[in-house]
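Work through the exercises below with the structure in view, and try each task before reading its solution.

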Amino acid sequence: MRGRLRFLSVLIAAHTGIASAQGAAISGAPVPPPPGAGAMRPSATELHPPGVKDLRLSGTGSGFFIGQNRVLTNFHVAGSCTALTVGNNREGRETDATLVAGDAAVDLAVLSTIGAGETPALFNSDAALESGAHLAVVGYPAFGRPVLDAQLEQASVMDSDATGDGRFYSFIGAVRGGNSGGPVLDEKGAVVGVVTAKINTPAMFRRTGIVIKDIGFAIPNSAIFDFLRRNSVAFEQGQQRATLAPAQILQETHGFVRQIGCWK
């Protein structure tokens, strides 16, 4: 298993092909989600806040509360939007949000919004991630149209040393449009990264002749902590506790993972 992980990591490092995991514009006939993918977003205009009046939903991503009224996401999700919204993971109602800190180089952004008593995510303070370690990716994959509630995808760490790039690490797990900005969590539900991209399968095939899919890329906690500290944004680090089942992790993340809407 470790040999396979290292082979894939070296191959990706030599022929890096990544693609944004931000949701595309909502247009055309919606594609129904597979069973269990969650309810679809309602289209009722009363669910949208005043800040997006006369604007169009250009794309969606994911994000998560890291403190009172503060949401962490990717810069490529939020950096070019005329207006931003944060969902509530329930009936689809949204609140206005504003960009308060952003860095395109590390692909991170912090939004300010009015929270509703969310419990902030806890970050794992241990920087080490062993190859093959179990992870969970939680966010809002867009199945033609954005889903209403957060979804969990199980994943595992690839050989992080082989990429030779401290800006991100790679993991095995499905990443879809709309997952950008969502947290990557360890088996105890603590954040160990932020989803930033997925493997560009067609580009990798053109370069290598090998079909490689279900590979994602995450920004490590070290880069996240540096970004938050440079921008004086508070965050919480978690304590050790028992390992959680995927369903338990998903239930906990419903308290802080949210969908980000980009309006133009």
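This is a predicted model: local features need pLDDT of at least 70, side-chain atom pairs count only at pLDDT 80 or more; totals for chains, interfaces and linings use all residues.

Residues are numbered from 1 along each chain as its sequence is written, and side-chain values use heavy atoms, with hydrogens and water left out.

**Exercise 1.** Find which cysteines form a disulfide, and work out which parts of the chain they tie together.

*Solution.* Begin with the criterion, which is a pair of cysteine sulfur atoms within 2.5 Å. The structure holds one disulfide, and its partners are C81 and C262, with sulfur atoms 2.0 Å apart. Then look at the angle about the S-S bond, which is -115 degrees and makes the link of C81 and C262 left-handed. Finally, C81 and C262 are both buried, a word that stands for under 20% relative accessible area, computed with a 1.4 Å probe on protein chains only.

**Exercise 2.** Trace the closed barrel, and state how β4 and β5 pair.

*Solution.* Follow the order β2-β3-β6-β5-β4-β17, which gives a closed barrel of six strands with antiparallel pairing. Two strands pair if DSSP finds at least two bridges between them. For β4 and strand β5 (residues 94-103), there are four bridges in the antiparallel sense, and the partner of G87 in β5 is E94.

**Exercise 3.** Locate G178 and decide whether it is buried or exposed.

*Solution.* First, G178 lies in the loop between β12 (169-172) and β13 (183-185). Its relative accessibility is 0%, and therefore G178 counts as buried. In space, G178 and V77 are 9.0 Å apart, C-alpha to C-alpha, although 101 residues separate them in sequence.

**Exercise 4.** Describe the lining of the largest pocket by residue class.

*Solution.* A pocket is an open set of points on a 1 Å grid over the protein atoms alone, where a 1.4 Å probe fits, with protein on both sides within 12 Å along at least five of seven lines, and lining residues have an atom within 4 Å of a point. The largest pocket is lined by 27 residues, and N124, D186, E187, K188 and A190 lie nearest its centre. By class, the lining has 11 nonpolar, nine polar and seven charged residues, where Ala, Val, Leu, Ile, Met, Phe, Trp, Tyr, Cys and Pro count as nonpolar, Asp, Glu, Lys and Arg as charged, and the others, Gly among them, as polar.

How values were computed:
Buried means under 20% relative accessible area, exposed over 50%, partly exposed in between (1.4 Å probe, protein chains only). Helices (H or I, at least four residues) and strands (E, at least two) are DSSP runs, numbered from the N terminus.
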